[in-house]
Amino acid sequence: MKLLSIIVDDEPIARKGLEEDIRDIDFIDVIGIAENTAQAMELVISKKPDLIFLDIEMPRINGLDFIKSLKDPPIVIIITAYSKYALKGYELDVLDFLVKPIDFDRLQKACNKAWDFYTLKHQASNKEPKTNSFFFVKVNGKFERINFNELLFVEAANNYVIYHTSNKKFLVNDTLRNVVNTLPAFHFIKIHKSYVVSVSKIESLTANEVTIAGRPLPISRSFKEVVLNNRMIGRSPKGKESR
């Protein structure tokens, strides 16, 4: 498996040099090269790259505005001659920021980071993980590992979610909707607009609430039927309904 990448830069010499360097990195393939963001958009739509090496200062639409225009951007590594854009780039969740001229070892390090992120992202999106599988969440600029079998429940908190595990809490800038799409549906269930819970961690339940790790969590009216008819709850030794 390789990362499929495109290069976006309006300078021909920079494009050629970067392509030659990337060819020496065995886990990345260059599948397209663009000299402006209009061409880049065509490549993103047609080739669906995993990774973009992106210059910032280009005619018409610059690299930062291009990232903002993408609904679901791939991994982005900024490559520019201007370090002043670093903060704005990181605010857009770019993976790394390289300043020209680029040292090959620094490029290799950025590519390794892209590979690690790509691998973790695909592990997290696995819909049917094994019992001992795990995923990663981004907390304060680094990735924290959460084991599925240690996750108790996830709680919405304004523009964040809180992952409650057996021994820690993780505050993550995300939405509960994204969490629902990430967690394996067979083992996790939404019980309220603010809560997604691990079915196997339910200690008891009534028509109005579940208890996990001694903490009562409300079941909203719109989710009540789904919760009480859940097949895992119906056959789980811990899932006892009392009406």
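1. Let's start with the overall make-up. The protein chain contains eight helices and 16 strands. Of its 243 residues, 44% are buried. Among contacts between residues at least 6 apart in sequence, 50% link residues at least 24 apart. The exposed surface comes to about 13800 Å², and 50% of that is supplied by carbon and sulfur atoms.

2. The largest pocket has a volume of about 1900 Å³, and 45 residues line it. If you want to centre your view, D93, F117, K121, K138 and F143 are the lining residues that lie nearest the pocket's centre.

3. Which elements give two or more residues to this lining? The helices are α3 (63–69), α5 (104–124) and α6 (176–182). The strands are β4 (75–80), β6 (134–139), β7 (142–147), β9 (160–165) and β10 (169–172). The most comes from α5, which gives eight residues.

4. A word on confidence before you set anything up. Mean pLDDT for the protein chain is 84, with 86% of residues at 70 or more. Residues 127–132, however, have pLDDT below 50, and this stretch makes nine contacts in the model beyond near neighbours in sequence. Residues 235–243 also stay under 50, with 16 contacts beyond four places in sequence. Where pLDDT is low, predicted coordinates should not be read in detail.

Key: Residues numbered from 1 in each chain as written. Predicted model: local features only at pLDDT ≥ 70, side-chain atom pairs only at ≥ 80, totals over all residues. Heavy atoms only, no water. Helix = DSSP H or I, 4+ residues; strand = E, 2+ residues; numbered from the N terminus. Buried < 20%, exposed > 50% of the residue type's maximum accessible area, 1.4 Å probe, protein only. Contact = heavy atoms within 4.5 Å. Areas by Shrake-Rupley, 256 points an atom, 1.4 Å probe, with all protein chains shown as cover. 1 Å grid on protein atoms, 1.4 Å probe; cavity = no way out; pocket = protein on both sides within 12 Å on 5 of 7 lines; lining within 4 Å. Points joined across faces, edges and corners; volume = space filled by probe spheres on them. pLDDT = per-residue confidence, 0-100.
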